[in-house]
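Hi,

Here is the structure I promised to pass on.

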Amino acid sequence: MYNRREIGDYYENMAVQYLEKQGYRILERNYHAGRHGEIDIIAEDAAGMLVICECRYRRRNGFGNPLESVNIAKQRQICRTTLYYYKEHGFGTDHACRFDVIAISGDGTLEHIENAFDFV
């Protein structure tokens, strides 16, 4: 029996391994901006683009597809946390980033949606 954090860590590790195989460089994992939120993975692609990645796992689709769980409220929280990351690491607002979602289903199927949403 595993708790939610252990399960989340397992599938987040799967996402990190996938990204690394695709040539991404992992910059941060579980970045916290205090009460403002957390970003699962912050990476950089081969072109130097900052990639903010949310990982979602669903054992079953009874409560919807994992992609559907990244609703507008979650998107806003991720964007707000990204602003703190930018400030903390000295990035200007002109430094481009994109928001990706990695969804993992109960059967282990991994789906990577690049540019899943815009800054909101």
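**What I found**

In the protein chain, residues 24 or more positions apart account for 51% of the contacts with a separation of 6 or more, a contact being heavy atoms within 4.5 Å. Before you read on, a word on the basis: this is a predicted model, where local features need pLDDT of at least 70 and side-chain atom pairs count only at pLDDT 80 or more, while totals for chains, interfaces and linings use all residues. Residues are numbered from 1 along each chain as its sequence is written, and side-chain values use heavy atoms, with hydrogens and water left out.

**Overall layout**

The protein chain has two helices and five strands, and from the N terminus its elements run α-β-β-β-α-β-β. Helices (H or I, at least four residues) and strands (E, at least two) are DSSP runs, numbered from the N terminus. Of the 120 residues, 38% count as buried; buried means under 20% relative accessible area, exposed over 50%, and partly exposed in between (1.4 Å probe, protein chains only). The accessible surface of the chain comes to about 7,400 Å², and 48% of that belongs to carbon and sulfur atoms. Those areas come from the Shrake-Rupley method with a 1.4 Å probe, and for residues only the protein chains shown count as cover.

**Helix α1**

This one is worth a look in your viewer. At 1.5 Å a residue, the 18 residues of α1 (residues 4–21) should span 26 Å, and the end C-alpha atoms are 26 Å apart, which agrees. The expected span here is 1.5 Å times one less than the number of residues. Y11, E12, A15, V16 and L19 are the buried residues of α1. Seen down the helix axis, they fall within an arc of 155°, so they line one face of the helix; the arc is that of the directions from the axis to the C-beta atoms. What do they pack against? The partners are β1 (25–32), β2 (38–44), β3 (50–58), β4 (97–105) and β5 (110–117). On the face turned away from the buried side, α1 carries the exposed residues Y10 and K21. Just after the helix, G23 takes a positive phi of about 95°.

**Salt bridges**

Side chains of opposite charge can pair when their charged atoms come close. The rule used here asks for a side-chain nitrogen of Lys or Arg within 4 Å of a carboxyl oxygen of Asp or Glu, and by it the count comes to seven salt bridges. One of them joins E54 and R56, with the closest N and O atoms 2.9 Å apart, and both of these residues are buried.

The part I would click through is a network of salt bridges that links D45, R98, D100 and E114. Within it, D100 pairs with R98, the closest N and O atoms being 2.8 Å apart. R98 also forms a salt bridge with E114, here with 3.8 Å between the closest N and O atoms. R98 lies in strand β4 and E114 in strand β5, so the pair ties together parts that are 16 residues apart in sequence. R98 is buried, at 11% relative accessible area, whereas E114 is partly exposed, at 48%.

**Other spots**

- I104 sits in strand β4 and is buried, with a relative accessible area of 1%. I104 and R58 are 46 residues apart in sequence but 6.6 Å apart in space, C-alpha to C-alpha.
- Q75 belongs to helix α2 (residues 72–89) and counts as buried at 15% relative accessibility. Leaving aside neighbours within four places in sequence, Q75 is in contact with V70, F117 and V120.
- L83, Y84 and F119 form a nonpolar patch on the surface, with about 300 Å² of accessible area together. F119 is in the segment after β5 and is partly exposed at 47% relative accessibility. Patches are made of residues with over 30% relative accessible area and no salt bridge, with like charges joined within 9 Å and nonpolar side chains (Val, Leu, Ile, Met, Phe, Trp, Tyr) within 5 Å.

**Backbone angles**

Most residues other than glycine have a negative phi, and most peptide bonds are trans. N30, in strand β1, has a positive phi near 55° and is partly exposed at 24% relative accessibility. N115, in strand β5, also has a positive phi near 55°, and its relative accessible area of 48% makes it partly exposed.

Cheers
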